[in-house]
Amino acid sequence: MNYLDLSAEAFLLVPLATIIIYNICPKKLSEKYFYVFAAAVAIIQIIASVSMFYLMNVLHMREHNFIFLKVLGKSGMGSLCITYFSPVFLFCIGLVSFASVMIAMHTIDAKKTHYVNLLMTLITGMNGMILVKDLFSLYVFLEIVGLSSFVMIAMFQSKKGLEGSVKYLVMSEFASIFILTALALIFMQTGSLSYDAVGSFLLDGAASSQKMMIYFSVILLISAFAIKTGAVPFHSWLPDAHQSADTAISVLLSGIVIKIAGVYSLIVLTRLFSGIEAVHVTLATIGILSIVTGALLAAKQNHFKRIIAYSSVSQMGYILLGLSTGTTLGLIGSVAHVFSHAVFKTTLFTNAGALHEHFESLDINEMGGLQSRMPVTAFSSIIAFLSTAGIPPFTGFWSKLLIVMALWTSGNPVMAGAALTASIFTSAYFLRLQKKVFFGPLPDRLSEVKEVTGSIKFIEILLTAVTITVGVLFPMILVYLQNAGTI
Amino acid sequence: MEILDLKIIMLIAGLMMIVAGCYCIIRTYHMVKIIIGIEVAMKAVTMFIIMGGYMNGHMGLAQSYVVTAIVIEVIVAVVLAGVTMNLYKKYGNMDIRNLIQLKG
């Protein structure tokens with residue numbers, strides 16, 4: 001067993017084993033040290049994904065196939081695959097989970113064991129989605145991710161949490177019905193649901209009646225995954241669910257779940273059905289709609305987390321625009337934006353957690369001039385905002401640049417122009433947020449406010465460092481990947 | 001011709017069930033009715049998968065898909081029922097028109 005297989009198997013084995021070990025532990029121990037278990041899994045995930053990324057580049061591999069639990073015998077549990085961009089997603093899962101655990105140390109007082117168990121199933125589900133090689137397994141892991149998120153939102157049984165959970169659940173059920181119907185229709189035509197079989201079936205040129213079925217199922221699949229992404233015609237659940245959950249859980253939802261459940265599935269879809277031009281046009285339309293509508297709706301909100309949640313809708317639009325080009329450059333841009341969005345959105349939700357210590361309602365009209373009282377929070381929030389708006393040299397700039405370049409070179413200058421223009425809206429709503437929360441004179445009633453301490457401060461500094469470092473080193477990473485032949 | 005009839009009847013019946021389930025989710029205000037709507041639509045989908053296996057001869061694969069789909073569906077129904085129960089404790093009824101706290 002070589003090191004490559006070892007890190008590949010760690011992605012599914014570690015969270016599953018942790019569930020067992022954690023529940024065997026005495027209750028007192030597991031309540032007190034819940035963060036140790038969860039943080040250990042996140043750190044192992046980060047290490048494994050970084051080593052995977054490095055090894056695949058050194059060995060010039062575009063994909064690595066392996067069998068889960070090969071040691072137990074040849075039959076195994078089915079073959080899995082890591083493609084050249086998967087380690088980025090896996091790294092984001094690890095990073096966001098780590099941030100979530102650090103926030104949970106502050107914000108979660110009760111139900112710590114529930115939190116750890118659900119986090120582990122969530123990580124298993126997301127890792128599984130990235131590793132599988134057929135559409136039905138993708139659906140199964142998608143449901144695992146969805147179910148863990150529903151329970152996590154409703155976990156504390158507040159009225160708002162239950163409401164957000166119901167909205168998310170009902171919308172997700174539409175997605176499930178659409179996905180299963182589409183899979184049944186594809187299965188009728190092809191006799192198999194593995195990526196290879198579906199892809200080659202479409203290449204061979206199907207009969208016209210079969211093509212109609214395929215078109216119908218592609219429509220259903222795009223709508224289903226757009227629901228999961230929170231793209232604009234289907235965005236209604238997203239701000240409600242993300243606002244009502246505890247901050248440690250909002251970080252997971254906005255930081256990574258919508259990207260894995262929605263965007264990664266759409267990446268699979270565009271790779272399978274790249275021959276159908278309508279897919280690209282649909283994704284571009286949804287993308288532009290999401291960017292503009294999300295930004296405009298964010299500009300009129302007063303709840304801190306709700307503004308950030310609508311910002312997620314808007315940023316998902318950029319990722320969909322990158323995917324709509326269908327080129328490698330567009331894919332790289334989208335994956336890069338997934339990474340930068342994961343980092344800056346996690347920073348902003350961490351700030352929400354820091355502000356929540358003093359402002360129960362998180363209404364931005366109650367805040368003001370907090371810059372002098374909470375310097376670390378203010379600084380990290382401004383860096384995250386600059387990255388969101390696409391100001392160099394932060395990561396958000398490079399990923400947006402790649403997306404705009406991909407749009408331009410694939411013959412879509414109008415879309416590229418629209419994407420650039422829409423960045424102004426991003427600056428608009430974030431400047432409003434910064435002005436109301438951090439800038440200006442400090443009101444007397446807020447003079448007691450203190451900077452947050454401990455793990456939240458640590459994760460704010462860490463994520464800001466990641467934004468700045470990766471942003472500065474981004475061109476070098478791209479050149480390195482190009483020399484290694486990955487892109 | 002006979003086999004074609006069976007297929008078309010099943011296809012139409014399945015689509016009608018899916019539309020009925022979705023209509024039920026959209027139009028009713030009672031949580032339990034929403035769960036019933038979801039179940040109706042999912043049952044139609046499982047029928048589709050079986051039909052797919054029957055049409056292309058991969059019955060074994062279709063059966064394994066259906067068993068997995070049923071398990072997932074039951075878990076979703078359980079989670080939804082749990083949330084419904086909590087809503088009933090909070091509000092005293094299961095009307096989704098109570099859920100108006102999150103707006104904007």
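Is Asn86(B) buried, partly exposed or exposed, and why? Asn86(B) is partly exposed because it has 18 C-beta neighbours inside 10 Å. (A residue is buried if 20 or more other C-beta atoms lie within 10 Å of its own, exposed if 12 or fewer, and partly exposed in between; C-beta atoms are placed from the backbone.)

This is a predicted model, in which local features need pLDDT of at least 70, side-chain atom pairs count only at pLDDT 80 or more, and totals for chains, interfaces and linings use all residues. Residues are numbered from 1 along each chain as its sequence is written, while chains are lettered from A and ligands numbered from 1 in the order in which they are written.

**Confidence**

- The model scores ipTM 0.94 and pTM 0.93.
- Chain B has an average pLDDT of 88, and 95% of its residues score at least 70. (pLDDT is the predictor's confidence in each residue, from 0 to 100.)
- Where pLDDT is low, the predicted coordinates should not be read in detail.

**Where chain A meets chain B**

- On chain A, 31 residues are in contact with 31 residues of chain B. (Two residues are in contact if their C-beta atoms, placed from the backbone, lie within 7 Å.)
- Three helices of chain A each supply at least two residues of the side that touches chain B: H6 (135-154), H7 (159-190) and H10 (237-244). (Helices are DSSP runs of H or I with at least four residues, strands are runs of E with at least two, and both are numbered from the N terminus.)
- H7(A) gives the most to this side of chain A, with 17 residues.
- By class, this side of chain A has 16 nonpolar, 8 polar and 7 charged residues. (Ala, Val, Leu, Ile, Met, Phe, Trp, Tyr, Cys and Pro count as nonpolar, Asp, Glu, Lys and Arg as charged, and the others, Gly among them, as polar.)

**Asn86(B) and Gln157(A)**

- Asn86(B) sits in helix H3 (residues 59-91) of chain B.
- Leaving aside neighbours within four places in sequence, Asn86(B) is in contact with Ala154(A), Gln157(A) and Leu162(A).
- Asn86(B) and Val40(B) are 46 residues apart in sequence and 24 Å apart in space, C-alpha to C-alpha.
- Gln157(A) lies in the loop between H6 and H7 of chain A.
- The phi of Gln157(A) is positive, near 55 degrees, although this residue is not a glycine.
- Gln157(A) counts as partly exposed because it has 14 C-beta neighbours inside 10 Å.

**A covered helix**

- In H10(A), 8 of its 8 residues are buried.
- Among these buried residues are Trp237(A), Asp240(A) and His242(A).
- What covers the buried residues of H10(A) includes H6, H7, helix H11 (247-272) and H13 of chain A.

**Helix pairs in chain A**

- Helix H1 (residues 3-24) and helix H3 (residues 34-58) of chain A have axes that come within 9 Å and cross at roughly 170 degrees. (Axes are lines fitted to C-alpha atoms, for helices over the stretch in contact, and angles run from 0 to 180 degrees between N-to-C directions.)
- H1(A) and H3(A) are therefore roughly antiparallel to each other. (Angles under 35 degrees count as roughly parallel, over 145 as roughly antiparallel, 65 to 115 as roughly perpendicular and the rest as oblique.)
- The contact of H1(A) with H3(A) has 14 nonpolar, 4 polar and no charged residues.
- Helix H13 (residues 304-324) and helix H17 (residues 413-437) of chain A pack at about 165 degrees, with their axes 11 Å apart.
- That makes H13(A) roughly antiparallel to H17(A).
- The contact of H13(A) with H17(A) has 7 nonpolar, 2 polar and no charged residues.
- Helix H14 (residues 328-356) of chain A and H15(A) have axes that come within 9 Å and cross at roughly 150 degrees.
- H14(A) and H15(A) are therefore roughly antiparallel to each other.
- The contact of H14(A) with H15(A) has 4 nonpolar, 8 polar and no charged residues.

**Backbone details in loops of chain A**

- The peptide bond from Pro392(A) to Pro393(A) is cis, with omega near 5 degrees.
- Pro393(A) is in the loop between helix H15 (375-389) and helix H16 (395-409) of chain A.
- His60(A) is not a glycine, yet has a positive phi of about 55 degrees.
- His60(A) lies in the loop between H3 and strand S1 (63-67) of chain A.
- His60(A) is exposed, with 9 other C-beta atoms within 10 Å.
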